[in-house]
Amino acid sequence: MDTAFALVDCENFYVSCERVFEPSLRTRPVVVLSNNDGCVIARSQAVKDAGIPMGAPYFQWEERLDAMGAAVRSSNYALYGDMSRRVMHELEQVALRLERYSIDEAFLTLPALERDELYAVAQQLQRRVARRQGVPIRVGIGPTKTLAKVADEKAKGNRPVDTTLPPPGRVYVCPDGEARTAMLRTVPVAELWGIGAAWAETLHEHGVETAEQLRQQPDSWLRRVLTVVGLRLATELRGLPCLELEDVPATRKSLIRSRSFSGRVTDEPTLREAVGKHAQRAAEKLRAEGLVAGYLEVFITTKRFGEPPHYANAAGGTLRPVTHHTPILLRHARRLLRIIYRDSPTYKKAGVILQQLRPETPRQGHLFDDPDPDDVALMDAVDQLNRTMGRGTVGFAAAGVRGERDWTMKREQRSPHYTTQWSDLPVAKAEG
Amino acid sequence: MSDRAPTVTDVYQARPEEACPVAIYLSRVPAGFPSPADDYVEQTIDLNEHLIRREASTFFVRVAGHSMTDAGIHDGDILVVDRAVEPTDGSVVVAALDGELTVKRYRVGEKHASLVPESEGYPSIPIRKEQELVVWGVVRHVIHEVS
């Protein structure tokens with residue numbers, strides 16, 4: 001093989017991020033709650049060991065968590081997003097290529113080395129990210145993406161220690177030959193990447209229970225029973241790569257919404273409302289075309305000549321996950337506007353630009369990476385009403401409904417935005 | 001998650017260099033006379049370049065307290081901390097001690113390393129062997145507001 005594939009998975013990612021900036025949490029059980037503090041979405045090892053399941057409603061486990069002295073944090077996506085970016089950047093220093101798979105997982109390609117050398121590389125990677133970003137990672141390596149995923153599951157089987165240090169052993173490199181056969185015999189087909197419940201059932205009916213049995217099936221049988229997707233999977237299990245890393249698409253399509261003001265605009269609220277309207281229109285356009293955006297830019301400009309002096313500026317930011325969700329875009333548009341807004345000039349024009357557009361494809365991804373079905377339903381309803389009842393029938397307060405106050409989510413125990421807000425920097429004591 | 005209300009999800013913050021580009025607009029050209037300096041405009045000076053060698057492992061940390069004033073680190077200052085730098089004897093470090101972040105001088109002694117405050121009347125703290133990750137990061141710069 002020319003390259004090896006590695007799947008890197010950050011251990012208890014949200015919890016690990018909290019622990020970087022709050023060292024007292026390293027020795028305590030920790031949970032992170034979903035938006036509105038409803039469900040447990042990240043657990044430290046001690047919490048997993050206590051049998052508290054992923055996604056559990058918090059109120060059902062509140063007493064238990066309290067009894068075990070657990071720290072509870074509301075989700076702090078600004079922090080997790082920034083830490084994810086840092087970890088991915090670090091991995092890119094070592095990888096030949098990198099595919100960001102979710103907020104806390106990435107596929108890497110590495111030079112094809114001997115198995116013990118790959119172990120060493122993986123352990124170096126663990127030490128490096130633990131040292132530099134403070135996040136423990138798990139590494140699974142194989143000659144194909146599918147085998148890297150299998151290896152990652154194997155690495156998961158080694159019991160971790162509840163610490164920020166990478167526990168030795170949370171690395172697994174897929175073996176060759178007989179040893180690989182023996183390993184694949186222990187992997188149930190239902191646990192393979194891309195095998196859903198329906199296929200698992202079909203395979204069960206045909207007596208195919210393990211990954212080893214699956215890869216031994218003739219190609220024609222695989223194609224007939226599981227389509228070309230199943231054939232590809234089996235081929236990957238045989239060690240021949242069919243799935244490549246997905247690079248960031250090179251499409252540079254963008255979408256612009258802007259308009260010159262008819263009158264003189266000097267105050268921020270009016271400017272904000274205008275930018276909000278443009279963001280809302282742009283979001284509708286995205287959804288109409290089945291696209292999502294990865295980058296948002298806001299620009300403002302004054303009259304080019306005359307007094308006061310010309311002022312023009314723009315600010316942009318990366319959207320992760322990519323989105324076409326109006327409230328998200330509105331919120332970020334407002335935040336960006338705040339960065340560039342200056343008092344007093346007479347503004348002539350304002351607008352938004354969406355970049356890194358790509359088709360919205362349903363992908364097998366991270367649990368929290370995908371848009372919430374309720375969100376999708378809401379956006380559909382909004383678009384439908386505006387189409388049938390006329391533009392502006394339903395809108396968002398941020399795009400200009402007089403007297404509306406900005407609402408906020410319930411996030412009672414959110415940690416500070418340590419890495420993205422000046423006001424929230426971590427504090428080092430110099431007192432003793 | 002079925003319980004998730006259809007609300008805003010907090011998305012990643014904009015990256016600093018993307019979030020706040022310095023406006024680089026050409027000089028205004030009143031009547032077609034370009035500024036003689038236009039050809040020499042290459043870029044603006046970016047303080048990040050000076051302060052940040054490795055962006056992915058550099059964090060800003062605020063100082064609270066007076067135990068490092070002799071090292072030129074004052075209450076309210078901002079430390080530029082690079083976690084990729086290995087601490088050596090004499091490094092100023094941010095360390096995780098007793099569940100808190102603290103800023104100290106790192107000293108390697110004959111028997112053990114210690115964390116040493118630099119101000120009258122503060123005792124130094126020996127580091128036990130097992131506290132391997134006690135050093136959180138090495139301080140590379142101090143940002144101090146003068147007036």
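**Ground rules.** In this predicted model, local features need pLDDT of at least 70 and side-chain atom pairs count only at pLDDT 80 or more, while totals for chains, interfaces and linings use all residues. I number residues from 1 along each chain as its sequence is written, with chains lettered from A and ligands numbered from 1 in the order in which they are written.

**Chain B.** I looked up the secondary structure and found two helices and seven strands in chain B. Helices (H or I, at least four residues) and strands (E, at least two) are DSSP runs, numbered from the N terminus. Along the sequence the pattern reads α-α-β-β-β-β-β-β-β. Of the 147 residues in chain B, 29% are buried. Buried means 20 or more other C-beta atoms within 10 Å of the residue's own, with C-beta atoms placed from the backbone. I also checked contacts (C-beta atoms, placed from the backbone, within 7 Å). Among those in chain B with a separation of 6 or more, 53% join residues 24 or more positions apart.

**The cores.** Which residues touch the most other members of the largest nonpolar core? They are A:A6, A:I141, B:V94 and B:V103, in a core of 103 residues. A nonpolar core here is a set of buried Ala, Val, Leu, Ile, Met, Phe, Trp, Tyr and Cys residues joined through C-beta atoms within 7 Å. Helix α4 (residues 77-94) of chain A gives the most to this core, with eight residues. Domain 1 (3-174) and domain 2 (178-237) of chain A both contribute residues, so this core lies between them. Those domain bounds come from an automatic or database domain assignment. I then followed B:V94: leaving aside neighbours within four places in sequence, its contacts include A:A428, B:V61, B:L79 and B:W136. A second, separate core has 26 residues, among them A:F299 and A:L337.

**Three-stranded sheet, chain A.** This open sheet has the order β3-β2-β4, with mixed pairing. Strands count as paired if DSSP finds at least two bridges between them. β3 (40-43) and β4 (71-74) of chain A stand at the edges with a single partner strand each, so one side of each is left without a neighbour in the sheet. The twist averages 25° from one strand to the next. Strand β2 (residues 30-33) of chain A pairs with β4(A) in the parallel sense over four bridges, and A:L33 stands opposite A:S74.

**Five-stranded sheet, chain A.** Here the order is β5-β6-β1-β7-β8, again an open sheet with mixed pairing. The edges are β5 (97-102) and β8 (171-173) of chain A. Strands β1 (residues 3-10) and β7 (residues 137-142) of chain A pair in the antiparallel sense over six bridges. A:D9 has A:R138 as its bridge partner in β7(A).

**Helix α6(A).** Where does this helix lie? Helix α6 (residues 145-157) of chain A lies across β1, β6, β7 and β8 of chain A, at about 135° to β7(A). Such angles run from 0 to 180 degrees between N-to-C directions, with axes as lines fitted to C-alpha atoms, for helices over the stretch in contact. Its buried residues include A:L147, A:V150 and A:A151. The buried residues of α6(A) pack against β1, β6, β7, β8, α9 (211-216) and α10 (219-237) of chain A.

Methods: A residue is buried if 20 or more other C-beta atoms lie within 10 Å of its own, exposed if 12 or fewer, and partly exposed in between; C-beta atoms are placed from the backbone. Two residues are in contact if their C-beta atoms, placed from the backbone, lie within 7 Å.
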